[in-house]
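The questions and answers below are intended to be read alongside the sequence and the three-dimensional view. Please examine both before continuing.

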Amino acid sequence: MQADTNNSNNSFVLGIDVGGTFTDLVMIRLQDGRAFLHKTPSTPADPSLAMERGITEILVSASAAPAQVSYFGHGTTVATNALIEGKTANTALITTAGFRDILEIRRQRQPHNYNIRIPKPVSPVARHLRCEMTERTFLMGRENVAPSRVELDAHIAGFDRAEIASVAVVFLHSYQNPAHEMEVVEWLRAALPGKFICASHEVLAEFREYERTSTTVLNAGLGPVMSRYLDQLESRVKSLGLGAKPNIQQSNGGFASPREAGHRPICTLASGPAAGVIGAVDLSRRAGFRDLITFDVGGTSTDVCLIEDSTPLIAREREVAGYPVRFPMIDVHSVGAGGGSIAWIDDGGFLQVGPRSAGADPGPVCYGRGGTEPTVTDANVLLGRLNPQALLNGRMPIRADLAREAIESKIARPLGLSVEDAAEGILLILNETMVRAIRVTTVERGYDPRKFALLAFGGAGPLLATPLARELGLARIVVPPGPGLLCALGLLVADARRDFSRTRIVPLRNGASTLIGQAATELSTQADQWFADENAAKAARSLDWAADLRYLGQSHEITLPIVQGPFDPEVVTRLAEAFGREHTRLYGYAADAPVELVTMRATARVAMSRPPLDVAAPITSDPSAAQLGSRMVHFPGAGFVKCPIYDRFAIPEDVTIAGPAVVEQMDTTTIVFPGHRFQRDKFGNLVIGFS
Amino acid sequence: MTSATASSDFPAQKVDAITAEVIAHRLRAASEEMMATLVKTSYSPNIKERRDCSTGIFDAQGRLLALTAIAPLHLSSLIGTIENVIARFPKDEMRPGDAFLVNDPYHGGGSHLPDITITGPVYHEGRLVAFVANIAHHSDVGGKVPGSESSDCTSIFQEGIRLPPVRILENDKVCQDILNVILLNSRTPREREGDLKAQIATNIVGCRRVQEIFDRFGMDTTLAGIEAWLDYGEARARVGIRALPDGVYENEDFVDHDGIVPRLVRACVKVTVDDERMIFDFTGSGAQMAGSRNMVWNATLAGVYYAVKALIDPDLPPNAGYFRAIKVIATPGSIFNAQSPAAVGDRGSTGNVIGDVIFGAFAKAVPERVMAGCGPLHGLTFSGIDPRRGEYFVNYETYAGASGAQHDQDGKDAVRVHVSGAANLPVEAAEHEFPLSILRYELIPDSGGAGRFRGGLGTLREVVSWAKEGRLVGRGLRQVVGAPGLDGGSKGRTGRFLMDGGTPEEQRLEANFSDLPIEVGHTVRIETPAGAGFGAPFTRDPARVLADVIAGKVSLAAAREAYGVSIVQDRRSLAVDEKETAALRRVSHAS
């Protein structure tokens, strides 16, 4: 593993984020930090095709040779798509006798409490492929029962017929006693060469069997899919003559080598949004904003993530295609509303916005492609916030008349409002949904939103940011140079990362430190092995510790960072005290109850050096040179006012411009309300202030 | 009464449609934030993980404005609370910083004693403008059994501490005397204290949010917005009701065990759909039972409100306006309108029968929207001394049955049904926390009622107890009469409790029992009832029967007998023998 990407002045770093519709590429010349951006349509059947085309094209625009690429970071939706589309490999599960239905019993809840029509999601392993073995780890009362080879062989005999490509092994309490899983995995690997085999203690050495089983079988189902993809990718990269191997972005914010990603493909879920957050962290750290809320608004949905002190919030679990996946991942909260969300009047007579979206086809009414239901975009066109003539640098003509007609007939008239008030109403209702989403990620978790800046991106983020930031009392809005840049940038600045964990349920009292010390030793042995496997330079390695704790009798843990060992009794005392403080911060009280340690965690990182970044600005101090003209724009309370239109990339650095203003660029539009003001900083960000 | 049309019918002078909606949005958001606070800050798994709780906001008259209820049985659990509190503590005697606590279902509490409600007034410009309230299921409030829920209680006095509305908070200070009384009456006081503090903190958050709404929009606009929001709830419910065919639909089912002895107690309903109104008349249902399966009035309302939401509009927001479109009639002293001192602890079992009986009635009107009879949960509570720690423990658990089939899909295996919705405790967590070993946790093959679409499968769980002085409390419905099928579908299999199942000492336990000793090393098996089928079994697509046989959900014998499908080994896999299947199905048709 190369820990230093800055090794040559002639070299470039390359980041590629493959999304469902577009493949975004960014290259940075290490000599001067000059960034080159490129976008090309994705090729879902074989995503490496679009990558190959994109790489060829971006190399030309950067005047670079393939061999000059010294680092290659890659975000992929291969794992996510395979799960959502159900195109995972045919998987068998070997599990403890009596427990093969854990995957179907789940947490015994209905998919929806009131909508009985929604069926349960299909189990990722068919019932007849969930094979039982007479093995057991008991916590009390009985002797453990070891697995038998004969019993396993009988199952293996059936795999051939069922065309099994991968096998997951999940035994009860394997986080505490992995020996049974290890033995069976060894037998399986010997008996089934070439098949993907994984055990639950390797994927997630934590208790709660349903979540662990689900995570492990999904990982197994993705194994062959990811390996196939990585093989294709590596051969294309090789044939292009790139000077670097692809590193794969993971949902925890770090990257994995192709070897790692092949073993643990589940960790690459949602790697695109994670890269976006990492890019946001990097860009804002450079620009001096350490507390941020990301606000990434697309056509159908909006992603929100909280970043405090340049550290994104981490979630422990997420549901994908109806099944839980549990491991640390950047906590991106998704809301089903965006620029294409449709406004409609419900049965009770209230205006609703979303969750249905006009999508790309037919799109909003104003695209003139047959859409008849008014959307958020139509409201923005009607109010003059979006260019009422054309979008995408003039490539897409806009029919403001159609937008007006639709809002008039479908919203304004039924509600007895003027057409402008109806359009403002659509944005107001949408804003309520967004406010709610951000309150869930901030206030409800004990964070005060007022110290955060809103980082607005995506096609509609900068358009919708101001009312949101004002309602939440945020200090300012930051609009990065281009919506695609953040993801691709994130791919270039991520560290290599792997998270290790192990459940050890022990009350924090005398004697606990020995058990904690043992768990820590096990985790650091695993981490050292990983560092060695990845050839990580010694100086670049780091290991951070954390523990999940709770009061005795609770079933919900809080993760607390802890200092590295030795884990002596004093550490244990301090840990219990720190838990009480954190419980008070989050929940308002500390209980007079014993504290219990549940899971030990270690995060191993290999630090990468960050490339310089320069987004060139014109050398002038006169903003009027950037003004494209003006148009009438509607603002709440003010009605239509004449508003200057600026070209985003012609705006000079560090000059304060007063609102109202509209800032246009090819792929987004930024609105600055009357009374507010904005500047462009030296990283190309627009920074909007209110006071 | 307001107009019931779908068009905007807001008091236009005071509030426009958009502002009214924003106010409504914020009331709901405030209630949701209360729920988030309650779940987050509570101490016990029952609230934090199983979310057996709800939060709500009421106006000064006690009309429900917003309710966040994860378990549908909580849909009405706060109804009536405000009136009862006001009756004892007149509004002009209330002060900011007050909060009141109540749990007695006959005095404005929830639907049984473990549900403790805390409510408090909200002020704007010195005027009482609203109430915030929340209710949470406490896993022990005293009474004769650990967990305070036993079907064989014969009076509410056996079920735990009864509290009429009492002041729990004065000037933002906890009334310690009251708290001490509650804590002394619970077997698990530490949890109770954590949970009660969480409930108090929840109302503080709610109060602040509601005040912010009034501050933001002002008194007149906010009050007008509230009226518009209630009208909206009513209008939306009426639109949904109007889409149902008018008529009178009747159905009956039975509670098959009164908590003391197995006997059939009639549960019947006559639903009248009249344009945009609905009447649910439970007259003719049995007299209140000797055991604790009775439902107080507001528990019955919850069953009705749940069914209406599920049938006409799953996203219908619960508010007092929606409730205006529905009328409920139940004779005082009957199982659906129990009178003090009838025991009511296990009202949830009967609550599931209400779901089945209403869905069965609507099967005659809108068969495409209903499901066949469901297998309700079974409850089993372990208690005793954990030999590892020498400490007393209570493990209160409920095990899912399954849902009934629908006209175009099989019932869901292993789910909580109708008004109940709590999650299970992971096996690995249970074994760490309690002196128990779980030996099996699986679906029961052949349990789902046969039909064109099959009922969901019930679950089996086998548990060894290592507790010293171990005791069991069990409660199960549909151990005598299985869930009823629809349109020719078969009944779901009944449930049962077994001691030492599969051994020479196997012994079937009663459907309901309390304080049953269990010796160290003995096992209990819980088999929950399954869902019923929809449509005649012989019309089931043989390919579906084959898939069930391959999955091991239906046996070869049942495929043949219940479905008339012959399945044979065809070289390396199983296949349908089409000829024999046709013959089997013909014979049955002829007979």
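Q: In which loop does Pro341(B) lie?
A: The model is predicted, and local features therefore need pLDDT of at least 70, side-chain atom pairs count only at pLDDT 80 or more, and totals for chains, interfaces and linings use all residues. Residues are numbered from 1 along each chain as its sequence is written, while chains are lettered from A and ligands numbered from 1 in the order in which they are written. Helices (H or I, at least four residues) and strands (E, at least two) are DSSP runs, numbered from the N terminus. In these terms, Pro341(B) belongs to chain B and is placed in the loop between β11 (326–329) and α9 (347–362).

Q: What is omega for the cis peptide bond between Ser340(B) and Pro341(B)?
A: Most residues other than glycine have a negative phi, and most peptide bonds are trans. Ser340(B) and Pro341(B) are joined by a cis peptide bond, with omega about 5°.

Q: Which strand of chain A holds Pro355(A)?
A: A cis peptide bond, with omega about 0°, links Gly354(A) to Pro355(A). Pro355(A) is located in strand β18 (residues 351–357) of chain A.

Q: Is Asp309(A) buried or exposed?
A: Asp309(A) is not a glycine, although its phi is positive, about 50°. Its place is the loop between β12 (302–308) and β13 (311–312) of chain A. A residue is buried if 20 or more other C-beta atoms, placed from the backbone, lie within 10 Å of its own, exposed if 12 or fewer, and partly exposed in between. Because 7 other C-beta atoms lie within 10 Å, Asp309(A) is exposed.

Q: Is Glu125(B) buried or exposed?
A: Glu125(B) also is not a glycine and has a positive phi of about 50°. The residue sits in the loop between β4 (115–124) and β5 (127–137) of chain B. Since there are 9 other C-beta atoms within 10 Å, Glu125(B) is exposed.

Q: Why do the buried residues of α11(B) lie on the same side of the helix?
A: The buried residues of helix α11 (residues 542–551) of chain B are Pro542(B), Val545(B), Asp548(B) and Val549(B). They lie on the same side of α11(B) because the arc they cover around the axis is only 115°. This arc is that of the directions from the helix axis to the C-beta atoms.

Q: Which residue follows α11(B)?
A: The residue in question has a positive phi, near 75°. The residue that follows α11(B) is Gly552(B).

Q: Which element of chain A gives the most residues to the side that touches chain B?
A: Two residues are in contact if their C-beta atoms, placed from the backbone, lie within 7 Å. The contact takes 61 residues from chain A and 69 residues from chain B. The elements giving two or more residues to the chain A side are α3 (102–105), α7 (209–240), α11 (400–415) and α12 (419–441). With six residues, the one that gives the most is α12(A).

Q: What radius of gyration does chain B have?
A: Chain B has 591 residues, of which 62% count as buried. Its C-alpha atoms fill a box of roughly 80 × 65 × 45 Å along the principal axes. The radius of gyration is taken over C-alpha atoms, and the globule rule is 2.2 Å times the number of residues to the power 0.38. A compact globule with 591 residues would be near 25 Å, which agrees with the value for chain B, 25 Å.
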